[in-house]
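Dear colleague,

Please find below the structure I am handing over to you, together with its sequence. I would be grateful if you could read the notes that follow alongside it.

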Amino acid sequence: MTLPGSDIVLASDHHFPDDFASVLDDTSTHRSTIGCVIPAYNEEESIAGVIEGLLGQTRVPDVIHVVVNNTTDATVKIASRYAGPHELETELGPQFTEVFVHDIGNNPDKKVGALNYGYALVEGYEYLLGVDGDTVADPRAVEYLESEAVSDTRIGGISAVYTIDDRPIRGGIAKFLIAGQRSQFAAFNMQNLLRGRNMAVLGGQLSIFATKALRDVMRENRQSTPWVKDSEVEDSLLSLQIKSAGYLTKINPLARAYVGGMTTLRGLDAQQVKWTYGAIELMWPGQRGDTKGQPFHPNLRLRWLENFSMLTNFFVRVAFLTLLAGSLSIGAFVFSAWWLLPPVVAVLLNIRIAMTMKERDGRDIAFAALVVPAELYMWVRISHFLRSWTRFLSRKKVDNWALQAKAESGGGLGHWVPLAVVVAVAAAVTVVWWMLPVMVQSTILWVGWPIVGVITVIQTLSMFLKLIRRQHGYKV
């Protein structure tokens with residue numbers, strides 16, 4: 001992965017809210033200690049760029065531990081080229097760091113096991129910097145994260161703004177999926193920034209944690225390690241625990257990271273289903289295995305909104321298409337120009353999201369403005385939503401990490417299940433519809449259209465409020 005070139009923007013050029021402006025003005029000379037942990041699994045294509053990105057920081061971590069687990073490729077060999085001490089000249093003066101590469105072999109706890117192995121190596125440092133094995137940090141990212149963390153002892157963890165570098169992407173489907181993920185990430189990051197910069201999830205992509213906060217989490221939850229394998233979204237669970245321990249979980253609008261995206265439908269499906277399934281486990285009331293649901297936790301409010309939004313999007317689309325087909329079949333459809341308003345507002349909102357991207361390109365604008373790409377990607381997301389809830393409600397225990405690894409290596413056909421179900425249901429509905437008397441068909445249309453209309457009006461109003469909401473100069 002290559003690091004996109006970016007111009008340095010002075011803080012004075014932004015119009016951030018006062019709460020962040022005060023952080024930028026903090027000129028504390030305190031130098032903290034930062035231990036970096038990079039959990040890596042089959043990252044031979046990206047690990048060199050990740051390490052080089054850290055060695056090119058204005059604030060270089062004091063030590064970098066690459067923890068390779070369950071790998072079957074050349075990750076260890078490539079990472080080992082950087083092992084050893086490094087004396088570096090930076091904008092902040094000469095700095096020293098040392099890179100260690102650990103091959104822990106077969107690790108049943110996967111990423112969680114690698115993170116905890118790394119924590120044991122850096123627990124004596126003031127901060128743990130977690131970086132995914134496919135994430136390249138912007139040159140000033142660590143400097144910005146450290147500066148804010150040091151400025152406020154209430155902060156337990158801070159995440160960078162993350163996106164995907166789409167320049168190396170080749171292939172029509174891959175470009176489409178990456179454009180969708182860039183838009184999805186942009187919307188998620190902006191929502192967190194506008195909610196007082198309170199980050200719902202301190203993602204493993206690039207986040208810094210106060211080790212004091214991690215120790216408090218371990219003590220309060222009777223854990224021997226910060227990360228536990230109870231949840232398949234280990235970063236979300238730890239974020240909840242840090243918040244519950246009385247710390248702040250924040251997102252820094254200047255620190256940036258470039259993550260690896262999913263370029264196949266199979267890989268994207270496995271990743272998104274794992275994320276959504278894990279989030280549902282944390283949201284669902286009661287005890288589910290070793291995972292206790294926390295439906296009212298403040299860090300999960302955004303998750304509830306996301307799931308409710310996906311449910312609404314699914315219902316409105318299916319109901320509209322069903323009623324439209326039914327109306328056309330009996331010659332009862334009457335076009336109204338008002339139906340054009342929701343897609344127009346949706347396009348304008350998508351364009352505004354695209355315009356908030358710091359490194360937007362023509363592909364991002366086209367994805368937002370051409371209606372069809374964004375609509376197709378919404379259907380892809382709906383399939384992930386349905387698969388996640390179906391799997392959760394079935395109470396069938398599966399290893400979503402293993403399924404994701406299988407999907408990324410080209411195995412599995414589960415991502416086609418939603419399409420097959422839709423085709424089967426559509427066929428069944430069509431048969432039943434033609435069996436109904438005309439009077440019953442008319443009654444269904446008479447009741448259905450107003451329901452869809454009311455929900456669509458509410459949904460459109462919600463999109464309009466997001467469209468006109470102030471964004472305080474934030475860029476994602």
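This is a predicted model: local features need pLDDT of at least 70, side-chain atom pairs count only at pLDDT 80 or more; totals for chains, interfaces and linings use all residues.

Helix α6 comprises residues 172–194. With 23 residues, α6 reaches 33 Å from its first C-alpha to its last, close to the 33 Å expected at 1.5 Å a residue. The helix is mostly covered, as 17 of its 23 residues are buried. Just after α6, Gly 196 adopts a positive phi of about 70°.

The partner of α6 in the contact described here is helix α12, residues 362–369; the two axes come within 10 Å and cross at roughly 85°. Since angles of 65 to 115 degrees count as roughly perpendicular, α6 and α12 are therefore roughly perpendicular to each other. On the α6 side, the contact is made by Lys 175, Phe 176, Ala 179, Gly 180, Arg 182 and Ser 183, which meet Arg 363, Asp 364 and Phe 367 of α12. By class, this contact has four charged, three nonpolar and two polar residues.

The remaining findings concern Gln 441, which lies in helix α16, residues 438–468. Gln 441 has a relative accessible area of 2% and is buried. Its side chain reaches the backbone oxygen of Trp 433 at 2.6 Å. Leaving aside residues up to four places away in sequence, Gln 441 touches Ile 330, Trp 433, Trp 434 and Leu 436.

With kind regards

Conventions: Residues are numbered from 1 along each chain as its sequence is written. Side-chain values use heavy atoms; hydrogens and water are left out. Axes are lines fitted to C-alpha atoms, for helices over the stretch in contact, and angles run from 0 to 180 degrees between N-to-C directions. Helices (H or I, at least four residues) and strands (E, at least two) are DSSP runs, numbered from the N terminus. Angles under 35 degrees count as roughly parallel, over 145 as roughly antiparallel, 65 to 115 as roughly perpendicular and the rest as oblique. Contact means heavy atoms within 4.5 Å. Ala, Val, Leu, Ile, Met, Phe, Trp, Tyr, Cys and Pro count as nonpolar, Asp, Glu, Lys and Arg as charged, and the others, Gly among them, as polar. Buried means under 20% relative accessible area, exposed over 50%, partly exposed in between (1.4 Å probe, protein chains only). A polar contact is a pair of N or O atoms within 3.5 Å; within protein, one must be able to donate a hydrogen and the other to accept it, and residues adjacent in sequence count only if both atoms are side-chain atoms. The expected span of a helix is 1.5 Å times one less than its number of residues.
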